[in-house]
Amino acid sequence: MSLTSALGTAQNALMNTSRQTSVVATNISNANDPNYTRRLAQTISMAPGARILNVKRLADESLFRQNLSALSAFSGQNFLMSGLDRIGLSVNGPDSMTSPAKMIGKLQEAMQLYSSNPSNRNLAESAVESARAVVSSLNKGSREIQTMRADMDRQISTAVDELNTLLGQFEKVNAEVINGTRMGRDISDALDQREKLLKDISEYVSISTIVRGQNDIVITTSDGATLFETIPRKVTFDSTIAYQAGMSGEPIRIDGVPIAAGKGANTTASGKLAAMIQLREDVAVKQQAQLDEMARGLILAFAEDEAGGIPGLFTSTGPFPGTTLIDGLAGMIRINPAYDSQQGGNPEALRDGATVNLNPSGAASFSDTLLAYLDALESDMDFDPAAGLFAEGSLTNFSTESVGWLEGNRKAADFAMENKGATLMRTEQALWNQTGVNIDQEMAMLLDLEHSYAASARMLQAVNDMLATLLNSVR
């Protein structure tokens, strides 16, 4: 090897080592960034010595796609779980202690006490007070559900704006990647940024990506709607300010295609937008229907003359109910003023009737009417399938089944969230193992580069000494 070749080799080695050291230092400084992909300086043999060909990102497209899918599934499940928790607290209270089912149970107890001593006016007052607690629970539950649906609309509107912003940011970064690829520049940082945006987008909606020429990407949803192709597709939503029972909200549209709502406690919703629609249009609507059916059952069970449409202890601001669901009845149910001493009524109308004479003998010990009310609470009646529970059964069983329905969904959703969270953690770990930065590995490489640098420096010094000796010999 000539001295000139040796000098060139030593110089290239020093430059390569410097570049590799810079790459390793960048890896180490970003070791704690979950959106950073490890870089590796690739070398190629060429005279004299070797040269850095490019800086390669150690990306794994297959694992990255799995991670996006797991992230969408967990995001949807997590949002559904938070919504179920909110409904549980709003309608049933902590540990279901203020649920309509609990209040109906207390009403039964009060009625049983009154039926055992019908002449005791205080027991009559207590029964009416228990009925007031039932009404309050149903009114509050109905009001809270519609408030939640309106809140959900506002959250959807905010989420849609955030998603459109992310798509706008993606357009800029994607253009940077395309231009950098065309110009042959290092686009590692832009690719990292683009992958981070894909993760952020997948929290809102499940996505698939197609890589085209010059590293361009097309994003579609799992339903096949185009989310991004050269430019972002518009995500649109018209918010509803206030909700009433039975009222449907507007859909979320991607490029004009509605997003399908999730289904089930182990929800099919991938991304929070589908879970939001599921909560607003399925879970909350069924819970409202269950409350409405409880209200209908109470009005009918305590009616003085059901066939004649004459209400008894319970009445409403709407029409006298029949055999089908009345949307919003839980919010309209009231205590009949004729039974309420606070409104000038007589609580002993429970025994005697207010409009219809149910105690013709006028006996203070008459209990037939009270026992008939208790029987009505336990007798089978028809329930609307829209409530999502059984079609026929007693009102007391229906009310407890409503609590069980919600709690069952919460438990199933919580179990599914744990599973989907574990899947997300596994995919994140697998992706990190392939693309993340291992400090120990980088430090070992840094030590090797230090040795390489020292060897190259010694070679350069040796060539310098030989050149000096050669020059001195010709003087």
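Among contacts (heavy atoms within 4.5 Å) in the chain between residues at least 6 apart in sequence, 65% join residues at least 24 apart. The model is predicted: local features need pLDDT of at least 70 and side-chain atom pairs count only at pLDDT 80 or more, while totals for chains, interfaces and linings use all residues. Residues are numbered from 1 along each chain as its sequence is written, and side-chain values use heavy atoms, with hydrogens and water left out.

**Whole chain.** Display the cartoon: the chain has 11 helices and 13 strands. These are DSSP runs numbered from the N terminus, helices being H or I with at least four residues and strands E with at least two. Of the 475 residues, 47% are buried; buried means under 20% relative accessible area, exposed over 50% and partly exposed in between (1.4 Å probe, protein chains only).

**Nonpolar core.** Select Ile201, Leu298, Phe302, Phe314 and Leu350, which touch the most other members of the 94-residue largest nonpolar core. Helix H4 (residues 121-183) gives the most to this core, with 18 residues. Such a core is a set of buried Ala, Val, Leu, Ile, Met, Phe, Trp, Tyr and Cys residues joined through side-chain atoms within 4.5 Å.

**Helices H3 and H9.** Select helix H3 (residues 100-116) and helix H9 (residues 368-378), which pack at an angle of about 150° with their axes 9 Å apart. The axes are lines fitted to C-alpha atoms over the stretch in contact, and angles run from 0 to 180 degrees between N-to-C directions. H3 is therefore roughly antiparallel to H9, the term for angles over 145 degrees.

**Sheet S7-S8-S9.** Move to the open, antiparallel sheet that three strands form in the order S7-S8-S9; strands pair if DSSP finds at least two bridges between them. Strand S7 (235-236) and strand S9 (257-258) are the edges, each pairing on one side only. Two bridges join strand S8 (residues 253-254) to S9, and Ile254 has Val257 in S9 as its bridge partner.

**Asp327.** Finish in the loop between strand S10 (314-316) and helix H7 (329-332), where Asp327 is found. Asp327 is partly exposed, with a relative accessible area of 44%. Beyond its neighbours within four places in sequence, Asp327 is in contact with Ala245, Gly246, Asp292 and Met332.

Notes:
Angles under 35 degrees count as roughly parallel, over 145 as roughly antiparallel, 65 to 115 as roughly perpendicular and the rest as oblique.
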